Amino acid sequence: MLRQVDQLRGDLQEYGGGLRGHLHVFANTTAVTDFLPEILSSYLAANPRVNVDLQEKPNAEIARGVLDGRADIGIVAGQVDTLGLQCIHFSTDHLVLATAQDHRFARRRAIAFADTLGEDHVGMHHGSTLQTFLAQVTERLGKPLKLRIQLSSFDAMCRMVGAGVGVGIVPESAARRNRTSMRLALVELADTWRVRERYILVRDQSRLPAYALDLIETLRRHYQKNNA
């Protein structure tokens, strides 16, 4: 409660300085590093009197943050306990195995994640949503993930994979963006968890201010346009 009062006090001070609103957004690694920078840049240009506080969080922490009021909007992917929050679906992505073009897996049409665990892997930084999820998968499989290097962005991961440092599990959107420039091969994962549904989480959409609803609509329009 005290945290929310302090947050409200800070927001009111900003209103006095001419701001119309301040959005607190919790999002997973893929959102923060892959697609939100492009979407938020256009949103902020269209809403010059709105500020956004964007924080990268694990999926479970995102849902808790929206539920307890630390975040106005949460962005998650995959299987998440949404804690009774309202969920707005806005896109679907897939995880793929990225390899260098001369890697022995490069000509495979599909591969099970378990069959990649004998290889050196390039991963995201410790605590990232994707790396935490893959650690849970390897724990269930009873096999370790041989991480050669951990990085802070999918573009950096793709660069290391293309250079032959190891293979990597990345969102298909990031892999396709870097496929040509970094000489990657993309191999479909046979695991069912490769499909990642993306959701916006809110406590009550009907009670959100107009500028928050505008961000939600901006996200939805972005993917409707790209999928058209």
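Let me start with helix α4, residues 129-141. Its 13 residues reach 19 Å from the first C-alpha to the last, close to the 18 Å expected at 1.5 Å a residue. That expected span is 1.5 Å times one less than the number of residues. Helices here are DSSP runs of H or I with at least four residues, strands are runs of E with at least two, and both are numbered from the N terminus.

A word on the source: this is a predicted model, where local features need pLDDT of at least 70 and side-chain atom pairs count only at pLDDT 80 or more, while totals for chains, interfaces and linings use all residues. Residues are numbered from 1 along each chain as its sequence is written, and side-chain values use heavy atoms, with hydrogens and water left out.

Back to α4. Its buried residues are Thr129, Leu130, Gln131, Phe133, Leu134, Val137 and Thr138. Buried means under 20% relative accessible area, exposed means over 50%, and partly exposed is in between, with a 1.4 Å probe and protein chains only. After α4 comes Gly142, which has a positive phi, near 75°.

Next, the charged pairs. The model has 11 salt bridges, each counted when a side-chain nitrogen of Lys or Arg is within 4 Å of a carboxyl oxygen of Asp or Glu.

Which residues make up the network of salt bridges? The members are Glu61, Arg64, Asp68 and Arg70. Glu61 and Arg64 both sit in helix α3, residues 59-67, three residues apart, which is about one turn of the helix. Glu61 is buried at 17% relative accessibility, and Arg70 is buried at 17% too. Arg64, at 43%, is partly exposed.

Another salt bridge joins Arg198 and Asp93, with the closest N and O atoms 2.9 Å apart. This pair links distant parts of the chain: Arg198 is in strand β10, residues 195-202, and Asp93 is in strand β4, residues 86-100, the two being 105 residues apart.

Last, the cysteines. How many disulfides does the structure hold? The count is zero, taking a disulfide as a pair of cysteine sulfur atoms within 2.5 Å. Cys158 is buried, at 0% relative accessibility, whereas Cys87 is partly exposed, at 38%.
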